[in-house]
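Keep the viewer open as you read.

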Amino acid sequence: MNEQLNETLLGWVNALNGPLWDFLVVFLVAVGILYTVMTGAVQIRLFWHSMKVMKRSRNETKDEHGITPFQAFVTGLASRVGVGNVAGVAIAIAIGGPGAVFWMWFTAFLGMSSAFVESSLAQLFKIRDTQNKQFRGGPAYYITQGLKQKWLGILFAIALILTYGFVFNAVQANAIIGATSHAWGWDQANLNLSLGGFELEVSWLGLFLVLITAVIIFGGIKRIAKVAESFVPFMALLYLIVALYIAVINYDMLPSIFQLIFTKAFEFEAAAGGFFGAMVSMAMMMGIKRGLFSNEAGMGSAPNAAAASDVKHPVNQGLVQMLGVFVDTFVVCSCTAIIILVSGLYENAGFEGVTLTQMALESQIGAWGDDFLALILFLFAYSSIIGNYAYAEGNVQFINNNPGVMMIFRILVLFMVYFGSIASVPLIWNMADLFMGVMASINLIAILLLMPFILMLLKDYTGQLKRGVKEPVFKLDQHPKFKDKVKSDIW
């Protein structure tokens, strides 16, 4: 990509990112704290119960047009578990220091309540598609129905399409290029074409990513769910096994590593200017940014997958998606952090993004660690691309469910996958911060205003549990105050 164009775009993006994130870091934490209090710390109180719900839903579905809660969970996990867990953690530690890990944990803990709220709301306000009878829903739907603000629903849908359909997929492609470049030098094997006297360098790996993405995105949400269910748990398990091995052989270093994370988390170094910026340290800023990118809690993305599942009570899917945040950050991200911190290589500013994680792995398990991570990251990123597309597709349908519009959207998705393969790391990640910041702001405001609905749902669910009901069933007729506000023949 042209260096001058890259610098110009980066300057524009950074100018917008500054004030947006000065505000959003504080707002995100405030909403998480509020919902943790209002739900009675649902992420603690119903944590073990949520594991039982997911296990029970592994093979159940009562509607041929829906997907199981477990499939919705792994579709959401397909988007969550990816580049953010490998490259994102590395960037957070390299820029914000070890303390950034603490703020990733902090964001995830609060975010579990936000994830519970947004996914439960997505179930409550979901609709049945008139063409294929599949369930569709998400923030665009609960904003339009619950808040009666169609314009804001469309604005959110546009923000999600730009974020997930385009920019986040470029991030995933960029990470694949970076990992394979470091491991195998594939970026140096580009194709040189001559068109009308112009010399054009084409990334063959970028074209390959476009091809394998096209194969999946023309298959629809059910194929995406099946593909995600088939290999997301397996690849995550492989990565965790290697990380656990590294933790075991360095067990004597673990106490000092955790002490480093906690002590560095509270070393203040202002991240930006202005009222909000002066309140935020670099460790906090990077931890929250990269944590949000990784676990997506409160951003409004996972509810799109959550709405597609067939459950007996909206809270069921809220609990299952809450687990996704836990697995993503407390398990997978923590493993990456341990790999990087035990290596000590994070202090070398010369390593960027996924390369830092690769170097850290290599220092612990030998040269094959470089190749292993390149392969794992390829699978992580590819699963994220198809998960991201699933989110964006539903929002394109919300705005205009037209075959021609869908075709144009898919072509643009493929273009952005290729763009990510040739753009610089800083530009791609800063673009991701900008677009996810806009999207998260809209969703956080919406779920705050929809608090009465979530409190009603949670009260109904826990009330049935207290009465001894093993599998609570939601019936809208039992809540006349809300019946006119939820246009649904599903509940």
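## Two loop residues with positive phi

Let's start with Lys148, which is found in the loop between α7 (139-146) and α8. This is a predicted model, by the way. Lys148 isn't a glycine, yet its phi is positive, at about 60 degrees. And is Lys148 buried, exposed or partly exposed? Its relative accessible area is 48%, so Lys148 counts as partly exposed.

Ala41 does something along those lines too: although not a glycine, Ala41 has a positive phi of about 55 degrees. You'll find Ala41 in the loop between α1 (3-38) and α2 (42-45).

## Rings meeting rings

How many aromatic pairs are there? The count comes to 20, taking pairs as rings whose centres lie within 6.5 Å. Phe166 and Phe409 are both buried.

There's also an aromatic cluster worth a look. Phe102, Trp103, Trp105 and Phe106 belong to it, along with Phe258, Phe262 and Phe266.

## Lysines over rings

Now for charges on rings. The charged end of Lys150 sits over the ring of Phe398, at 5.8 Å from the ring centre. Over at Phe482, the ring has the charged end of Lys485 sitting over it, 5.8 Å from its centre.

Key:
Residues numbered from 1 in each chain as written. Predicted model: local features only at pLDDT ≥ 70, side-chain atom pairs only at ≥ 80, totals over all residues. Heavy atoms only, no water. Phe/Tyr/Trp six-rings, centres within 6.5 Å; stacked < 30°, edge-to-face > 60°. Buried < 20%, exposed > 50% of the residue type's maximum accessible area, 1.4 Å probe, protein only. Lys NZ or Arg CZ within 6 Å of the ring centre and 35° of its normal. Helix = DSSP H or I, 4+ residues; strand = E, 2+ residues; numbered from the N terminus.
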